[in-house]
Amino acid sequence: MAMAGLGYLLTVLLLSPLMVALYSLATATDRKTANTFAFTGIALLAAVSLIAAPPTSRCS
């Protein structure tokens with residue numbers, strides 16, 4: 001999340017540590033815990049993407 005705030009584009013290379021952590025969590029815990037963390041991560045990524053998105057240019 002801090003990467004988007006610094007101006008970096010959220011790409012697969014930046015999101016891969018999150019995906020590995022979620023996979024590790026899913027294999028080590030029960031489904032309810034894994035789903036809670038996954039949905040929280042999705043919500044945070046969506047919110048940061050909306051807030052940190054570059055402004056759209058309008059043609060005059």
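1. Surface. The protein exposes about 5,100 Å², and carbon and sulfur atoms supply 71% of that area. Accessible areas come from the Shrake-Rupley method with a 1.4 Å probe; for residues, only the protein chains shown count as cover.

2. Basis. This is a predicted model: local features need pLDDT of at least 70, side-chain atom pairs count only at pLDDT 80 or more, and totals for chains, interfaces and linings use all residues. Residues are numbered from 1 along each chain as its sequence is written, and side-chain values use heavy atoms, with hydrogens and water left out.

3. Elements. The protein has three helices and zero strands. Its order from the N terminus is α-α-α. Helices (H or I, at least four residues) and strands (E, at least two) are DSSP runs, numbered from the N terminus.

4. Burial. Of the 60 residues in the protein, 8% are buried. Buried means under 20% relative accessible area, exposed means over 50%, and partly exposed lies in between (1.4 Å probe, protein chains only).

5. Helix packing. Two packed helices are described by the angle between their axes and the distance between the axes. Here helix 2 (residues 12–28) packs against helix 3 (residues 31–52) at about 165°, with the axes 9 Å apart. Axes are lines fitted to C-alpha atoms, for helices over the stretch in contact, and angles run from 0 to 180 degrees between N-to-C directions. Helix 2 and helix 3 are therefore roughly antiparallel to each other (angles under 35 degrees count as roughly parallel, over 145 as roughly antiparallel, 65 to 115 as roughly perpendicular and the rest as oblique).

6. Contact residues. Helix 2 contributes Leu15, Leu18, Leu22, Leu25 and Ala26; helix 3 contributes Thr33, Ala34, Phe37, Ala38 and Leu45. Contact means heavy atoms within 4.5 Å. These residues divide into nine nonpolar, one polar and no charged. Ala, Val, Leu, Ile, Met, Phe, Trp, Tyr, Cys and Pro count as nonpolar, Asp, Glu, Lys and Arg as charged, and the others, Gly among them, as polar.

7. Leu18. This residue lies in helix 2. Leu18 is partly exposed, at 30% relative accessible area. Leu18 and Ala38 are 20 residues apart in sequence, and their C-alpha atoms are 9.6 Å apart in space.

8. Leu45. Helix 3 holds this residue. Leu45 counts as buried, at 19% relative accessibility. Leu45 and Leu15 are 30 residues apart along the chain, with 9.6 Å between their C-alpha atoms.
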